[in-house]
Amino acid sequence: MNLPLILNFIGSVLLILSLFLVVPVAISSLGAQPGIQALLVTFGLCLLGGALLYVLTRKHRKESLRHRDVFAVVTLSWLVASLLGSLPYVLSGDLPSFTDAYFEAMAGFTTTGATVVTDIEGMPRGILFWRHLTQWIGGMGIILFALAVLPLVGSGAMQLFKAEVPEVTVDKLRPRIIDTAKALWYIYAALTGLAVLLYAAGGMDLYDAFCHAFTTLATGGFSTRNASLASYRSPFIDVVATLFMFMAGVNYTLYFRGFRGELSRFWRSSEFRFYVTVTLVAIVLVTLKIAGSEYENIITSVRYAAFQVVSVMTTTGYTTADYGLWPPFVQALLVLLMFFGSMVGSTGGGMKQVRVLLMLKQGYRELYQLIHPHAVTTMKLDRRFVPKEVLGSIWGFLFLFLTIYALAILAMTALGLDLVTSASTVVSAMSNVGPALGAAGPAENYAGLPAAGKWVLIFCMLAGRLEVYTVIVLFVPRFWKK
């Protein structure tokens, strides 16, 4: 394992974090708000630590990352980023417990949206802005940003890209992977800017508009308000949030093609059609169950149903209603949608729609083979054959996902939590959603969970964000052998 090269890349990540920290430091400096010292110390540590690592190992910068190095770089970068990202919470005293601060930082970078902050509106504006910025950074990916601004990683660039943004297949939008990383970030920033304008048009001040645009496009779900977007009581803001959450759950490759005039790519995508279909069916089912019982008229029911379905399925985690009080059928459906998640190549989490679609196709093919045992069948996705290796990878992912899910539930229940809270918090963390059910429902948060339970969920958040393989491979003994 090339340790100097790994440390060099981690140094690059710290330098990037110091660059982003300039904005919350500037916000805190206006009026000498509380928290500025904590942000300045964190900025200094990121800048000095990053520069030191980068300079001491710079001669290794042009070496190629080997396959094993890639997994270590990605996982360690996210762990270190969360460690440094937690410092403003600890140093400011807003979250004096290291466990709580690290949980909040990991929830930010992994765009999970789970929080232990009990009084969000009481946090200093600079610290709160950093909290939202961590989700925006993590939405498109720390490593992806590093590839875009520091393209000096030799032949390991594509491997890093695939390790942080795992897909069924990774499409290169440009001949060079560095240009692909830049293109994705440009699109991401453009959509964020558009969301800022529409949120501001809906009545948010500019600070809130930026914060919510960050977490909407990142499908993170952090809010500047204790009651999330429900505090605005604005149908316009609900519609804007629903629209942009849905858009954030779409594969960014389609946006790139669309901006080049290939709009037909959207409907030609089997996964996009499946994504739209699942969304619409879920909205109809939820509307039918809450109309009349929870809300008097159909328009209001559609508004709240659409918002919550899209929020949960794209793993954003915003809330405008306490769905823990909705009918059990709706709660079960929302938990199922957490598993489904959004499209590959999006900022959302979960299993991803294309995996679910391919598993359904595989299930149908097995049934067809039972009826026609001598038939020779193949599986296609968007008119292309799906290799057996891809299907094997999907089933392996599902097995590991469910194994971690089962073990984490056992761990949570062993800590004394009830089954509903344990199961829903684990699936929420693995799918990077945030709100769960029971003691961590939409009207509650994660502050009351035991410290050991928070560390279980921290692992689940990281494994879910990096889609299991990248993290779990580090626990395989053979990985560390020469």
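I looked up burial first: of the 482 residues in the chain, 59% are buried. I note that this is a predicted model.

Next I looked up the overall build. I found 20 helices and two strands in the chain. Along its principal axes, the C-alpha trace spans about 65 × 55 × 55 Å. I checked the radius of gyration, which is 22 Å; this agrees with a compact globule, because one of 482 residues would have a value near 23 Å.

I then looked up contacts between residues at least 6 apart in sequence, and 71% of them join residues at least 24 apart.

I turned to helix H17, which covers residues 388–414. From first C-alpha to last, its 27 residues reach 39 Å, close to the 39 Å expected at 1.5 Å a residue.

Which residues of H17 are buried? I listed Val390, Leu391, Ile394, Phe397, Leu398, Phe401, Ile404, Tyr405, Ala408, Ile409 and Met412. An α-helix has 3.6 residues a turn, so residues three or four places apart point the same way.

What do the buried residues of H17 pack against? I found five partners named: helix H15 (328–340), helix H16 (353–371), helix H18 (419–430), helix H19 (451–465) and helix H20 (469–472).

Last, I looked past the end of H17: Gly416 follows, and its phi is positive, near 100°.

Notes. Residues are numbered from 1 along each chain as its sequence is written. This is a predicted model: local features need pLDDT of at least 70, side-chain atom pairs count only at pLDDT 80 or more; totals for chains, interfaces and linings use all residues. Side-chain values use heavy atoms; hydrogens and water are left out. Helices (H or I, at least four residues) and strands (E, at least two) are DSSP runs, numbered from the N terminus. The radius of gyration is taken over C-alpha atoms; the globule rule is 2.2 Å times the number of residues to the power 0.38. Buried means under 20% relative accessible area, exposed over 50%, partly exposed in between (1.4 Å probe, protein chains only). Contact means heavy atoms within 4.5 Å. The expected span of a helix is 1.5 Å times one less than its number of residues.
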